[in-house]
Amino acid sequence: MSSFKNAAQAQRRTHRERSQPAHRKKFGLLEKHKDYVIRAKDFNKKKTITKQLRTIADEKNPDEYYRAMIKSSLVDGKHKTEKDNSMSADAMKLLKTQDANYLQVKLQAEKQKIAKLQSVYMTRDMRK
């Protein structure tokens, strides 16, 4: 039975969509069915997203409060948060001393490694 269907399909003429008539060229390209399907899917997808966002906005509690709201504001319709990256002078001083201490500790460790390697090298030279 399937071989009969395949034979029937082979004899069918392929459907060709017409082009834009010459007197309607000023309106641009004629939209084909596949173009319409893509456009319709995109439209419906956007419609569902806006519907979901609208329901979220409708269900939002106006008395809801978050701490981040204190430092945020609307700029051109978009939320912007003020980030305070400045540190106090005491905190900066503490960080700098911690960095300096870390570097001194690492320097001492490297000096000890060098001294150990030199002593091993010297004992080898003494044996020869």
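Biologist: How many salt bridges does a search of the whole structure find?
Modeller: This is a predicted model, in which local features need pLDDT of at least 70 and side-chain atom pairs count only at pLDDT 80 or more, while totals for chains, interfaces and linings use all residues. Residues are numbered from 1 along each chain as its sequence is written, and side-chain values use heavy atoms, with hydrogens and water left out. A salt bridge is a side-chain nitrogen of Lys or Arg within 4 Å of a carboxyl oxygen of Asp or Glu. By that criterion, the number of salt bridges in the whole structure is three.

Biologist: What is the average pLDDT of the protein chain?
Modeller: The pLDDT is the predictor's confidence in each residue, from 0 to 100. A score of at least 70 is reached by 98% of the residues. The average over the protein chain is 86.

Biologist: Which element of the protein chain has the highest mean pLDDT?
Modeller: Elements are DSSP runs numbered from the N terminus: helices are H or I with at least four residues, and strands are E with at least two. The lowest mean, 74, belongs to helix 1. The highest mean, 95, belongs to helix 2.

Biologist: What is the N to O distance in the salt bridge of Glu 31 and Arg 39?
Modeller: Accessibility is classed as buried under 20% relative accessible area, exposed over 50% and partly exposed in between, with a 1.4 Å probe and protein chains only. Glu 31 counts as partly exposed at 40%, and Arg 39 likewise counts as partly exposed at 47%. Their side chains meet in a salt bridge with an N to O distance of 2.8 Å.

Biologist: In which helix do Lys 46 and Asp 42 both lie?
Modeller: The side chains of Lys 46 and Asp 42 meet in a salt bridge at 3.3 Å, N to O. Lys 46 is exposed at 52% relative accessibility, whereas Asp 42 is partly exposed at 37%. An α-helix has 3.6 residues a turn, so residues three or four places apart point the same way. Lys 46 and Asp 42 are four residues apart, about one turn, and both lie in helix 2.

Biologist: How far apart are the end C-alpha atoms of helix 2?
Modeller: The expected span of a helix is 1.5 Å times one less than its number of residues. For the 27 residues of helix 2 this gives 39 Å. The model agrees, since the end C-alpha atoms are separated by 39 Å.

Biologist: Which residue of strand 2 is the bridge partner of Leu 74?
Modeller: Two strands pair if DSSP finds at least two bridges between them. Strand 1 (residues 72–75) and strand 2 (residues 78–81) pair in the antiparallel sense over four bridges. Within strand 2, the bridge partner of Leu 74 is His 79.

Biologist: What is the phi of Asp 76?
Modeller: Asp 76 lies in the loop between strand 1 and strand 2, and at 78% relative accessibility Asp 76 counts as exposed. Most residues other than glycine have a negative phi. Asp 76, in a hairpin with two residues between the strands, has a positive phi, near 55°.

Biologist: Which backbone oxygen does the side chain of Gln 20 reach at 2.9 Å?
Modeller: Gln 20 is in the loop between helix 1 (2–11) and helix 2, and is buried at a relative accessible area of 9%. A polar contact is a pair of N or O atoms within 3.5 Å; within protein, one must be able to donate a hydrogen and the other to accept it, and residues adjacent in sequence count only if both atoms are side-chain atoms. The side chain of Gln 20 reaches the backbone oxygen of Arg 24 at 3.3 Å. At 2.9 Å, the side chain of Gln 20 reaches the backbone oxygen of Gly 28.

Biologist: Is Ser 19 buried or exposed?
Modeller: Ser 19 also lies in the loop between helix 1 and helix 2. Contact means heavy atoms within 4.5 Å, and, leaving aside neighbours within four places in sequence, Ser 19 is in contact with Leu 30 and Lys 32. At 52% relative accessibility, Ser 19 counts as exposed.
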